Amino acid sequence: MGTYLWEHILEGPLNPTDKIAQWREGELQSGKIDFSFYTGPAVVQSHAPLDMNSLVLVLNGTWYISMELQAQVHYVD
């Protein structure tokens, strides 16, 4: 779902282009917003940069660890 959002909705590039790479990343600027995207089996979603203002985290809800992480997310209005 995250890769679909990045490639088809935001139309962002991914490097390396090899779809079986252990780590793929992309950067995209839209107006005043800078997007960074990281994906692949070597990506560990345990830390986020301190200098960011917002975070979009897309988890695979069918994977049991993702469901546990979703239960820990704190929502802010």
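Where does Met-1 lie relative to helix H1 (2-9)? Met-1 sits in the segment before that helix. Here is a short tour of this predicted model, in which local features need pLDDT of at least 70, side-chain atom pairs count only at pLDDT 80 or more, and totals for chains, interfaces and linings use all residues. Residues are numbered from 1 along each chain as its sequence is written, and side-chain values use heavy atoms, with hydrogens and water left out.

**Overall fold**
- The protein has two helices and two strands, arranged along the sequence as α-β-β-α; helices (H or I, at least four residues) and strands (E, at least two) are DSSP runs numbered from the N terminus.
- Of the contacts with a separation of 6 or more, 18% join residues 24 or more positions apart (contact: heavy atoms within 4.5 Å).

**The hairpin**
- Strand E1 (residues 24-30) and strand E2 (residues 33-39) pair in the antiparallel sense over seven bridges (pairing needs at least two DSSP bridges).
- Gln-29 faces Asp-34 in E2 across this pairing.
- Two residues separate E1 and E2 in the hairpin, and Gly-31 in the turn has a positive phi of about 65 degrees.

**Surface**
- Of the 77 residues, 16% are buried (under 20% relative accessible area; exposed is over 50%, partly exposed in between, with a 1.4 Å probe and protein chains only).
- Met-1 counts as exposed because its relative accessibility is 74%.
- The accessible surface comes to about 6800 Å², and carbon and sulfur atoms hold 56% of that area (Shrake-Rupley method, 1.4 Å probe).
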